Every structure is written in structure tokens, then in C-alpha cells.
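Keep the 3D view open and follow along.

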Amino acid sequence: MVVAVALGLWGGVTAMALINGWVKQRIADSIQNEISHIQIHNPEFLLNEEVDKTFSFDSVAATLNSTPGIVGFSGRLKVFAMAQTDRANSGLVVLGVKPSSERSVSGIPNKLIMGSFLEGDFTTPSIVLGKKAAEELKLVSYQLTDSIAQKFSIVEPKLVEQIQPLVGKRYRSRSSFMNDLRAELEPKLFNHYSESIADSCISFRLNGPVVLTFQTPAGELHSAMFRVRGIYRTSNTAFDARMAYVNFDNLATAASINPNHVHEVAILCKGNTDAVNVAKTLSATHQNLKVRSWDEISPEIALYAAFGDFMGMIYVVIILFALAFGIINTMMMSVLERYREFGMLMAIGMNRLRVFSMIMMESVFLTLTGGVVGIAFSTVFIKIFARTGIDFSMWAEGFEAIGYSSVVYPEITISNYVLITMLVVATGILASLWPARRALKLNPMQALRVE
Amino acid sequence: MAIIEVVNVDKIYNDSEVKVTALSNINLKVEKGEFTAIVGPSGSGKTTLLNLIGGLDSPTNGKIRVGDVWLNELKGSKLIDFRLRNIGFVFQSYNLIPVLTAGENVELIMQLQGVPAKLRKQVSADMLGKVGLADRFASRPAKLSGGQQQRVAVARALASKPQFILADEPTANLDGKSAENLLQIMEHLNRTEGVTFIFSTHDQRVVNRARRVILLEDGKVKSDILQ
């Protein structure tokens, strides 16, 4: 029973820690990479996100520089564009940003898997795309190199020989690469390794041209060519598919927008709670603009926290339910096995209340022992994995499609521990009531005759 | 005054469709210091009579007095408390608690009586000494022979300072030597300390040592002989 309780508590604490970790990471990723803590807009821009609804950046910059609690801010232009390459097209939200300012509010410059974040002096304007957008625009190629082939020799030596004919060849599409791979590999090896080989061989066409077509404030469509200088990847595939970054001045020039005006100012604060207070202050100062904190910009993110707690509790309740059955079974067996012992105790003069208390005390003691073991075990488990993370990259595609990282860093608070421990002990006590009641009903005379 | 008085006791079991008369019109008196054996064939009502005298069961008709208390006047926890303070039990299969040592098993009944820990330990050691197990105070039942376990059970019964000890087939699970040894101890306690013993038994050795033998047949007292 000690083991059952310890495992139950470990399961409950770990489930809650995983969910906490995921939710906190999702909120942190959203704030850092996607929405920042605070955004300021022209209120009319929020209605239809029309390109002419800008506001003067200078009018807010002075206030932001003197407001405590702000870590950084970045003025942005935001247009909706149709992106075209020689092979595909896709809708994008294009942010015009100043790289140095953007670095102070956004984690995207640190999420590059290739190239650089709008730095460098190029004749053709630069664009940074998400990995998913680059794939959709077919700005990828597949090339198997000797070094990639050698990596697979560690897991499957005969694989190297079979894929040798593909080394050095360059494919513009995944399907043509896969077709050739299928032709060379044994079916079993193909089924097992083809996806990971394809993922390893992927390379992006840096400096590839992308034509963006968007509306100018005058209501006309304008096209401009950009070249891909960087590819980023976040844990949110949907974000990677739609957000692109270009240089502020390039976009302002191309879209004929006053370079002193912005569509959006993104602000990063010291903490999530600070942000709400800073937003209130800014809102009072700039009444003609719409100042929104992260929980207003993305209410679903704010809901994650509450939802995470709720989901955590559901898991804990399910685990406790299973635990309760385990305890009932164990204690019932214990009572039945010691039927004659209880009969003897009642015969020599132990009253029923004392028998009941004895079984309950036994259950509480076992539950507490299991609880301590479970807490110790889960604390060690969580401490280790809070540092290294738990890698669910086997299911990375699924996780990232819904905006969650495939590596989770479990996290748990003291109050979670207290709550779960109390619930486990309460479960232990409640689950013992039935076996204890059973012992109360025994007739000492009959119990003494039990063989 | 006799310490036990059984007056017109019948015990009829109605559990099944057929009524079973386990005891019929039993009248007995047991004086303090007796060494009495209740004998009879299986099903004659020996254990039933012992259970009634011990307050573990109640008669269908009649009444039983222990000391100056009529058992039918006690109910629930009062009866349990009365058993705790007045009646010692020795069972056929010892019924020691396996996780407790011999000393702790003896102490258990005093713990239920609320005896302070220090005194409990002292009395427990004394009682184990009386049954010849002073050196086995810290042994668990699994480390003791059947005879030794039954002697611990006798020490446990003695520790509660009861008015009498009821022993249901105490030698049934013991080999000849152990049974003889146990009987010697009980007889010694009876002679030197005046402990009243009432046995139900099939064992001829117990019958031979008993000073009073009550023979039950078909739930009735067939004979009641002082030896």
C-alpha cells in the first residue's frame, strides 16, 4: 500500500508538474515570441487592421522610456501580404521591425535555425521567415551529404550503403526525395527511417527571392521583392507559418508609410503581473491609443493558466480514484487476513471504536509513509527534469501544431504539493472507511473459528 | 458465593431452517479456585457454554452471573469492558499477534485496560516468568514453538488479572510434551495463586488433572464429578 500511495502521489505531482510546465512555457513563449506583455495600437487599426491606421511612435517613446517596469519596447509596422516564390504562394503577416529594438522585446531573433535576423547591408531588402512558412513557400531543398549518411550508420550500419546513391543529389521537394529514398531502401528501413532522414537532409534556400504584395495606405496594391536571410523556428507551428519579419525602413518605404509612424508598439515588462499595472498607467497617459496587456491581447493564453490548473486537478482526481480502489483492496485484504486477530482482540476486550480507530490509524500511517516517499521521489524527479526537460520530440509535430514545446520542464509549487498531499491522505482515510466498517461488523465468536 | 452461576440456560441457534439446540437447561456453579474441565463429544455444546460464560454470546433463555454481575444486564461496550477486566481467554490456536513480541502480546491486554507503560512492562515480564518464558520476552510468535505460544497466551490471560480464565481446547494443537508442560504450569498457577481455570477439552490429560469434570452430551449436563 505504501508503494501504491507513493506511486499515486508521484503520478499526481508529476502530472500536475508537467501540465504546469507546459502551461507556463506556453505563456512564456507566447509573451516572448508572439505578443509581448503590452501592445499599443491606434484603436481604429484594431477594427480592421487597415494599413493607414498608424500613430506617431515619438508620441509614446518618451513615456515608455520613463515608465518603470519596462524592459524594452519596439515600434512595428504590420501589413498583411501575399508572399510568392517561383514555386508557391502563401498569406503572411509581415512585421516591419528595427532589429535592435525587436531584440529587446522578442525572442524570435534567438530562434533562428539558419541565417541572421535582418542584420547586414544588402541591396535587396531582407525577410526572415518561420520554418513552416519557408516550407509552404517551397524555399527548401533536400540534400543528403556524407556526414548525414554517417550519422545514420550508428543506428543502422546497412542503411549507409543503401542510401549512398542519393548522396550529393539535391531535391526541390520532399516527395521527390522520398520517392528516390523508397527506391533505394528496404521497405522496413524506409518505414522506420525515411522521415528522420528527410528531416536531417532539409536545407533552406537562403537568399531565395520572395515577392510580397500588400496594400498601401493609398489603397493600392504594391509588390516588393525580399530575399530570405533567416529562418526561425518556435514551438508554435501556426505562428511560424504566418509571421514574417522585414526591416522597418524597407517596409515603410515599400508601403509608403510615414517612417515616424507605427502600427504597433510591443513592450516587454519585468513580469506578467507588472505588465498589467504598466498597461493601466500607459492607458491613462495615452487615452487616444489602445493599450492592451497580454491577457487582453490573447485571453486564451490567460485562460491556459486556469485551464492548466483545472486539467491538473482532473488528472489528480483520476489518479486518486485509482489509488482509492488500491487502498480499499489492500485494506480489505488486510482486514480479511487478520479476521481472527480482530476476533481475538474483540473477544479479550477491545471495543469496536478502538478496532475501527486502529484500522484507520494504520491506513493513515501507511498513507503518510507512502506520501513522504512519493513526495521525495517526485521532488527528485521534478528537480532533475526541471533542469534537463522531458523530451517528447517523438510527438513534436503534434505538440507544436497546437503551440506547445515538445520539451517540457516540469514545475510545481509548494501549494500544489500541499494540496496533493492533503488529497492523498484524505483519499487514504476515506478509502479505509469501508474495510474498517467491515471489521466492525465481525462477530468475535465467528471470527475466532476462521481458519 | 460462586464466581460463576449459570441458571436455566438454553441456547438455540435459529440461523438455518432447522433449529439447533446447542444447550438445554444448564445449571452450574463454579467456585473461585476451581480447576474445571468441561468435556464431551464434538457438538455437545462445550464451546457454546464457554462462549456464554465468557460473554461472547448470549443465552436464548436463562441467565449467567459472573462475580456479582448478571451478564444479560450488560450490553455493547459495557459487556466488552467487563470481559476485558474480569475474564481471561486462552484459545485453541493461541491467537497471538504475529508482529508483536511475546512481551508486547502480554502487554496488549493491559494497554487496553489503561495500565501505565512502565507497570505493563513489569507485569508482562512477571507473567512470562510465571509461564517459564522470562527469556523469550523479545521473541516474536514465529520464533516460538506451539507450546511456548500457548504459554504466552496464558500469560496474556493472566496479565489482565481476571476472575477466571476460560481455555477452549488449549492443548488441542500441542504435542504431548508441550501439552504436559502447559498443564503443569496452569495447575501450578491454580494451586499457588488460586487462579480459576475452566477448560473445554477432549484431551484425557486435561481431564486427568482437572479436579472437577463436567460432562456434556447433546447440550445437557450428563455428569458433574469432583475428582
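Of the 227 residues in chain B, 46% are buried. Keep in mind that this is a predicted model. Chain B is built with seven helices and ten strands. Among its contacts with a separation of 6 or more, 70% are between residues 24 or more positions apart.

Let's start with the strands of chain B. Six of them form an open sheet in the order β6-β7-β8-β3-β9-β10, and the pairing is mixed. On the edges sit β6 (87-90) and β10 (220-226) of chain B, each of which pairs on one side only. Ignoring direction, neighbouring strands in this sheet are turned by 20° against each other on average. To see one pairing in detail, look at β10(B) and strand β9 (residues 212-217) of chain B, which run in the antiparallel sense and share six bridges. Here L215(B) stands opposite S223(B) in β10(B).

Now for a helix in chain B. Which residues of helix α3 (residues 102-113) of chain B are buried? They are A102(B), G103(B), N105(B), V106(B), E107(B), L108(B), I109(B) and M110(B). The cover over the buried residues of α3(B) includes α4 (117-130) and α5 (146-159) of chain B, and also α15 (339-348) of chain A. After α3(B) comes G114(B), with a positive phi near 85°.

That brings us to where the two chains touch. Chain A puts eleven residues into the contact and chain B puts in 14 residues. On the chain A side, α15 and α19 (444-449) each supply at least two residues. The most comes from α15(A), with five residues. By class, this side of chain A has seven nonpolar, two polar and two charged residues.

| Helix pair | Angle between axes | Axis distance |
|---|---|---|
| α8 (residues 174-184) and α9 (residues 187-201) of chain A | roughly 135° | within 11 Å |
| α1 (residues 2-35) and α14 (residues 299-337) of chain A | about 170° | 9 Å |

Why do we call α8(A) and α9(A) oblique to each other? Their axes cross at roughly 135°, and an angle has to be over 145 degrees to count as roughly antiparallel, so α8(A) and α9(A) are oblique. Their crossing is right-handed. From α8(A), the residues R174(A), F177(A), M178(A), L181(A) and R182(A) meet F190(A), S194(A), I197(A), A198(A) and C201(A) of α9(A). Sorted by class, the residues of this contact are seven nonpolar, one polar and two charged.

The residues in the contact of α1(A) with α14(A) divide into 17 nonpolar, nine polar and one charged.

Chain A has strands too. Strand β15 (residues 290-293) of chain A shows V291(A) and S293(A) on a covered face, with K290(A) and R292(A) on an uncovered one. In a regular strand the side chains alternate between the two faces of the sheet. The partner of β15(A) here is strand β1 (residues 38-41) of chain A, paired in the antiparallel sense over four bridges. Within that pair, Q39(A) stands opposite R292(A) in β15(A).

How values were computed. Residues numbered from 1 in each chain as written. Chains lettered and ligands numbered in written order. Predicted model: local features only at pLDDT ≥ 70, side-chain atom pairs only at ≥ 80, totals over all residues. Axes fitted to C-alpha atoms, helices over the stretch in contact; angles between N-to-C directions. Parallel < 35°, antiparallel > 145°, perpendicular 65-115°, else oblique. Left-handed = near helix turned anticlockwise from the far one by under 90°. Contact = placed C-beta atoms within 7 Å. Nonpolar A, V, L, I, M, F, W, Y, C, P; charged D, E, K, R; others polar. Buried ≥ 20, exposed ≤ 12 C-beta atoms within 10 Å, placed from the backbone. Pairing = 2+ DSSP bridges.
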